[in-house]
Amino acid sequence: MSLRKLFCTAAVTAFLVMTAPPAGAVEQAQPDGIDAMPFLPAPATQVWATRPLSAQPGQQQPQFLRLDIARLTPRFVTSDSPATVTISGSIVNIGDRKVSDIVLRLERGESLDSEDDLRKALREPAAAEAVQPRFTQVTDALEPGQQQDFTLEVPLRGTDPTSIRIDEPGIYPILANVNGRPDYGGQARLAALSTLLPVLGVPGGETKGKPGAPAKLTVLWPVADRPRLVRLGGKGQSQLVDDELTASLSVNGRLYGLLQAYEQAIGSMSTAMCLAIDPDLLRTVQAMSTGYTVRGGAQGKGEVEAKLWLDRLKLAVTGRCVVSLPYADADLVALNRAKLGTMRTLAVTDGPALIQEVLGVQAVPDLVWPEDGVLDQPTFDELVTPQPDQRYNGVKSLLLDPTGIADAPGTAPVVIGGEHPVTAVKIDSMVSDALQGSESRPRTLSGVTSPVESQPVSVQNALSVLVYRAGWQGDGRNVLVTPPRRWNAPLTEMTEFLSAAQKLIGGGYAAQTGLEELTKATPDVTTAKITYPPEAGAREISPLVTDSVSEQSVQLNGLVAAMQQEDSEHASPADLADPLWLGLLRATSGAWRSNEQGARSAADISQREINALTGMVGVTPPSSPILLGSGDSPIPVTITNKLDVRVTVRIALADTPGIRKLDLADQVLPARGERVVRVPVEVLRSGRFPVNVRLTTPEGVALGDSVKLEVSSSAYGTITVLVTVFAGIALVLLSGRRIYKRVRARNGENDGAPPIENVTPEKSSA
């Protein structure tokens with residue numbers, strides 16, 4: 001072993017020995033120093049498992065154990081709850097050495113009595129050392145790679161050595177603390193997990209009194225996914241990027257769980273619950289239900305699952321509140337910055353019509369819930385301004401995060417003034433951010449992707465905040481809860497959260513409030529203003545992607561301008577172009593925030609679909625070289641249109657030495673038709689010429705591929721003939737002039753000078 005390795009080993013050993021406790025210290029009920037955290041515990045709102053220590057910035061100590069929590073009951077304590085807290089799960093040795101004397105205890109901190117304390121606890125685990133019961137033995141030892149399941153049951157109150165001694169209602173930080181002794185070291189805290197435990201009533205003890213005015217609870221339940229549709233077609237002709245939705249729509253899948261949790265809660269929360277549906281997901285599932293393929297040609301496997309899920313959704317929303325998200329959850333601010341106003345309007349108008357068509361219900365009209373609940377001022381101005389020429393009424397109400405509104409005290413809806421006043425309904429950011437977990441704010445432990453990252457996301461802290469809103473603030477405030485748009489919590493977690501909401505409503509601590517009641521309210525505050533947090537701008541879709549989308553929109557606009565409907569039996573230009581506009585919206589989906597590669601991939605897909613459409617019109621290559629009989633013979637070019645609409649095209653010849661292009665009018669190709677067009681040219685010389693030809697629209701959008709024509713000509717062009725004639729005339733004139741001079745010279749017409757041939761040259765004098 002090298003001296004360096006010996007030195008490092010000695011240093012680590014010395015550190016561990018110095019932190020080792022006296023023998024038997026783990027059996028002490030009073031607070032001790034042996035488990036002082038070498039790292040912060042993972043907050044349970046992020047994962048129900050501790051992360052490897054390498055995920056913690058600034059920490060260098062090795063990680064030996066991982067704590068996985070499978071179950072915590074009760075999640076919400078009331079007077080009729082069990083008198084004990086039960087926690088179960090497993091402890092895994094993820095280190096490189098054996099760990100002995102593994103023990104566990106559940107600790108708690110002081111009750112969090114203010115909103116500021118709760119917000120701090122959501123950012124960082126709150127202190128939980130106020131009550132430190134006795135440790136309970138889990139196992140004697142774990143070798144590397146081994147795990148040990150456990151179940152720990154501790155009394156909520158009383159003097160038992162393991163009790164967490166909760167005697168009054170409150171929101172309590174609790175900590176599952178694992179100690180152990182790794183080889184070559186002493187006893188220390190090796191894993192911990194922190195969360196909050198709401199106690200509205202102590203079993204056999206005090207219960208929190210009902211507030212003077214119950215909280216007005218509204219839950220906006222999101223049904224969305226990242227864009228997956230490539231092409232919409234008839235039965236069996238639609239195409240998806242992948243087949244992952246099949247699992248999501250199946251039993252135990254994410255979308256299946258969202259719908260099931262909604263179905264279970266709607267009976268007792270019919271007024272408070274409202275579904276927020278992504279129209280693009282609805283269209284995708286509808287396409288799957290009639291058969292589809294996956295990119296690459298494989299047959300999709302989710303036809304049955306899609307049909308069953310869609311039928312359940314239709315039944316569940318009958319007569320219920322539904323909100324349409326922007327189509328594909330498009331980033332409205334990014335679209336506006338890219339000056340894609342038509343696409344921004346399409347994003348907020350196409351969805352409600354599709355929901356009406358597919359589900360048979362009308363979405364809340366003229367309402368927008370933007371990504372992150374914020375808008376910048378230019379986007380707001382564009383959204384609220386009616387456009388009669390496009391049959392756009394303008395947005396009348398918005399769901400906004402409090403950070404997106406200024407001069408708007410309280411929780412009630414407010415009016416954002418201006419030429420077109422709009423009602424803004426505020427989202428409860430503390431509850432909603434807690435549900436977002438690590439996605440909405442800097443994570444306590446972050447930076448490493450590991451298998452632990454895929455553990456279920458917990459709603460425990462959000463549940464605790466909701467209980468605090470209803471049970472402790474008691475001021476009749478509006479509590480609009482918006483889980484993450486693409487929420488990936490297990491069904492059990494969703495059910496736990498909604499069950500807590502139902503208990504609060506049933507106990508009189510909260511009252512159901514419909515979303516439409518909020519949007520139609522008459523606000524007291526009418527001077528609110530739009531604000532756009534700088535951090536929201538940093539999360540927008542990348543300008544590289546929006547630039548690509550802008551270029552594609554120009555291409556698509558040029559193509560649409562060149563199309564005309566053949567007749568009522570043929571397709572209209574909109575039939576062909578509208579799916580492509582929706583494809584461009586998928587490239588700007590908010591699902592791609594923090595995933596630029598996904599956005600670029602979606603933009604590539606939309607570009608390929610546009611190319612496939614433009615490729616249906618083009619030049620047909622001839623089967624043999626083209627022979628021109630004269631210098632002004634036209635070049636015959638066969639052009640083909642495989643689209644179901646008429647298309648106006650322009651034939652473009654590349655510059656070719658020896659051939660001069662002449663003007664040619666634009667050509668109109670009939671739907672699914674073919675024409676031979678004689679392109680006028682002038683051949684400047686004989687020879688063989690490669691001529692590149694392609695079609696474009698009058699606006700210059702390229703159609704089809706460029707085709708190389710082999711053109712041969714033995715004839716002279718007009719210019720060549722003229723040059724030859726003039727050269728011949730000049731030659732004749734010059735020859736005549738010379739002959740004339742010689743004749744004059746022979747006849748002595750040289751002014752008496754002797755003929756030049758009779759002159760004798762002088763001899764040299766030398």
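# Structural briefing on a predicted model

R391 is placed in the loop between α9 (377-384) and β16 (397-400). The model that contains this residue is predicted. The protein has 18 helices and 33 strands, and 52% of its 766 residues are buried. Of the contacts with a separation of 6 or more, 78% join residues 24 or more positions apart.

- R391 is not a glycine, yet its phi is positive, near 55 degrees.
- With a relative accessible area of 80%, R391 is exposed.
- N252 belongs to the loop between α3 (244-249) and α4 (254-266), and its phi, near 75 degrees, is likewise positive in a residue other than glycine.
- N252 is exposed, at a relative accessible area of 77%.
- P74 sits in the loop between β2 and β3, and the peptide bond that leads from T73 to P74 is cis, with omega near -10 degrees.

**The sheet β2-β3-β6**

- An open sheet is formed by three strands in the order β2-β3-β6, with antiparallel pairing.
- β2 (65-73) and β6 (147-155) are the edge strands, each pairing on one side only.
- On average, neighbouring strands of this sheet are turned by 25 degrees against each other, direction ignored.
- Eight bridges connect β2 with strand β3 (residues 84-93) in the antiparallel sense.

**The hairpin β7-β8**

- Strand β7 (residues 170-182) and β8 run antiparallel and are joined by eleven bridges.
- The two strands form a hairpin with five residues between them, and Y184 in the turn has a positive phi of about 70 degrees.
- Y172 stands opposite L197 in β8.
- Strand β8 (residues 188-199) is mostly covered, as twelve of its twelve residues are buried.

- Three strands, in the order β10-β11-β13, make up an open sheet with mixed pairing.
- Its edge strands are β10 (229-231) and β13 (292-294), and each of them pairs on one side only.
- From one strand to the next, the twist averages 35 degrees.
- Strand β11 (residues 238-240) pairs with β13 in the parallel sense over three bridges, and V294 in β13 is the bridge partner of L240.
- Helix α5 (residues 279-288) lies across β10, β11 and β13 and runs at about 120 degrees to β11.

**Packing of helices α2 and α11**

- Helix α2 (residues 115-123) packs with helix α11 (residues 460-473) at an angle of about 175 degrees, and their axes are 11 Å apart.
- The angle makes α2 roughly antiparallel to α11, because angles over 145 degrees are counted in that class.
- In this contact, E115, L118, R119, A121 and L122 of α2 meet N461, V465, Y468, R469 and Q473 of α11.
- Sorted by class, the contact of α2 with α11 has five nonpolar, two polar and three charged residues.

**Nonpolar cores**

- In soluble globular proteins, nonpolar side chains tend to be buried together.
- The largest nonpolar core has 150 residues, and those with the most contacts inside it are L217, W221, L359 and F497.
- Leaving aside residues up to four places away in sequence, L359 touches I277, L282, L310, L313, K314, V317 and L354.
- Another core, of 32 residues, lies apart from the largest one and includes F64, I91, L190 and A191.

- N478 is in strand β20 (residues 478-481).
- N478 counts as buried because its relative accessibility is 11%, under the 20% limit.
- Not counting residues up to four places away in sequence, N478 touches K216, T411, A412, P413, D428 and L518.
- D547 is located in helix α15 (residues 543-561) and is partly exposed, with a relative accessible area of 42%.
- D547 and L335 are 212 residues apart along the chain, and their C-alpha atoms are separated by 10.0 Å.

Notes:
Residues numbered from 1 in each chain as written. Heavy atoms only, no water. Axes fitted to C-alpha atoms, helices over the stretch in contact; angles between N-to-C directions. Helix = DSSP H or I, 4+ residues; strand = E, 2+ residues; numbered from the N terminus. Parallel < 35°, antiparallel > 145°, perpendicular 65-115°, else oblique. Contact = heavy atoms within 4.5 Å. Nonpolar A, V, L, I, M, F, W, Y, C, P; charged D, E, K, R; others polar. Buried < 20%, exposed > 50% of the residue type's maximum accessible area, 1.4 Å probe, protein only. Pairing = 2+ DSSP bridges. Core = buried A, V, L, I, M, F, W, Y, C linked by side-chain atoms within 4.5 Å.
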